[in-house]
Amino acid sequence: MRNVIIVSGLLFCMYLFPQQGASKNDIIFTTNGQLLQVKVTKVTDGAISFVYPGETIVNEINPTKLEKIVFASGRTQDFGGVGGEVIVAKESPANASTFMEEAPMVPSYEENIMSVVPLDFKRNGKYDKTLANKATEYVIGLMSGKSNTQGVQVLDMGKAIERLVDSGFSYGKLRQSSPEQLRDALETEYILFVSIKENEKNGNPESDLMAQEVSSKNTQLERIINIRLYGADSEVESFEMDFSENVFLNKSTNGPNLLAGGKWKSSLRYLAEQLFASNVFTD
């Protein structure tokens with residue numbers, strides 16, 4: 001009788017202490033009656049990955065072979081499988097700092113797609129919304145015609161505006177945002193910035209009466225255009241170019257609305273040629 005009591009006590013202790021130690025592990029209940037005290041590293045529809053304490057071998061088992069998993073946190077996940085066995089998958093690297101498998105990085109943007117940020121068009125120091133819209137449409141059409149030859153598509157203006165509005169962008173926020181912030185909103189690999197400044201000045205110095213008469217009939221137009229392209233890998237522009245020109249316009253020939261005549265289109269065409277000649281999309 002004494003021997004029976006001692007054996008029973010030992011069995012009780014053997015049961016008790018593993019249960020206490022098991023609180024740090026997850027417990028897998030298989031359909032064939034096995035209880036596996038392990039560390040579950042990954043749960044997917046096709047496999048459950050786990051390691052045994054003190055080992056680096058990553059094992060896998062089909063979820064259909066499981067009844068449930070009781071995690072160390074106390075949470076239980078039921079599976080209700082139909083029976084099976086464990087499959088050894090692979091060994092973790094010796095310098096691995098965690099048992100968890102890292103999922104491959106998936107870009108948060110559409111690859112080989114370019115967004116044109118609505119243009120900043122200032123006329124005599126003031127933002128001109130009408131000209132900005134016209135210039136934005138023109139740049140999108142210009143880029144669309146040229147980018148196809150290099151495997152890049154341009155996001156439609158309507159979609160670009162919709163994504164910016166959905167992300168809470170106003171005109172002020174748009175001008176203050178980084179390329180990374182705009183990429184998160186527009187969801188495209190390439191971000192193109194274009195700004196145009198046009199300022200009307202007197203055409204000639206008024207040093208004598210003849211010069212004054214010429215100046216009254218002509219206007220000097222100073223135009224400055226900046227174009228910048230950002231790829232997905234850096235906050236530093238992949239391409240940047242500044243273009244400036246001074247044009248003398250005759251008031252009687254060009255009419256009162258000198259700055260709205262679309263003279264900037266030829267300048268933008270030149271800059272587009274330089275952009276695509278740089279091979280920035282093929283490097």
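The model is predicted: local features need pLDDT of at least 70, side-chain atom pairs count only at pLDDT 80 or more, and totals for chains, interfaces and linings use all residues. Residues are numbered from 1 along each chain as its sequence is written, and side-chain values use heavy atoms, with hydrogens and water left out.

**Exercise 1. The chain as a whole**

Task: State how many helices and strands the chain has, and what percentage of its residues count as buried.

Solution. 
Step 1. Helices (H or I, at least four residues) and strands (E, at least two) are DSSP runs, numbered from the N terminus. There are eight helices and 14 strands in the chain.
Step 2. Buried means under 20% relative accessible area, exposed over 50%, and partly exposed in between (1.4 Å probe, protein chains only). Of the 283 residues, 34% count as buried.
Step 3. The chain exposes about 16900 Å², and carbon and sulfur atoms supply 51% of this area. Accessible areas come from the Shrake-Rupley method with a 1.4 Å probe; for residues, only the protein chains shown count as cover.
Step 4. A contact means heavy atoms within 4.5 Å. Of the contacts between residues at least 6 apart in sequence, 59% join residues at least 24 apart.

**Exercise 2. Helix α5**

Task: Identify the buried residues of helix α5, and explain why they lie on the same side of α5.

Solution. 
Step 1. Helix α5 spans residues 179-186, and its buried residues are P179, L182, R183, A185 and L186.
Step 2. These residues are on the same side of α5 because they cover an arc of only 165° around the axis. The arc is that of the directions from the helix axis to the C-beta atoms.
Step 3. After α5 comes E187, which has a positive phi, near 60°.

**Exercise 3. Salt bridges**

Solution. 
Step 1. A salt bridge is a side-chain nitrogen of Lys or Arg within 4 Å of a carboxyl oxygen of Asp or Glu. The count by this rule is six.
Step 2. D120 is buried, at 14% relative accessibility, whereas K122 is partly exposed, at 25%.
Step 3. R123 is partly exposed, with a relative accessible area of 27%, while D128 is buried, at 13%.
Step 4. Salt bridges that share partners join E198, R223 and E245 into one network.

**Exercise 4. Cavity and pocket**

Task: Name the residues that line the largest cavity, and state which elements give two or more residues to the lining of the largest pocket.

Solution. 
Step 1. Rolling a probe the size of a water molecule over the atoms shows where empty space is left. On a 1 Å grid over the protein atoms alone, a cavity is a set of points where a 1.4 Å probe fits but cannot get out, and a pocket is an open set with protein on both sides within 12 Å along at least five of seven lines; lining residues have an atom within 4 Å of a point. Grid points are joined across faces, edges and corners, and a volume is the space filled by probe spheres set on the points.
Step 2. The search of the whole structure finds one cavity of 30 Å³ or more, and the largest cavity has a volume of about 30 Å³.
Step 3. Its lining consists of V139, L142, M143, V194, I227, L268 and L271. At least two lining residues come from each of α2 (129-147) and α8 (264-277), and α2 gives the largest share, three residues.
Step 4. The largest pocket has a volume of about 310 Å³. It is lined by 16 residues, of which P118, Y127, I161, Y171 and L174 are the closest to its centre. The elements that give two or more residues to this lining are α2, α3 (157-166) and α4 (171-176).
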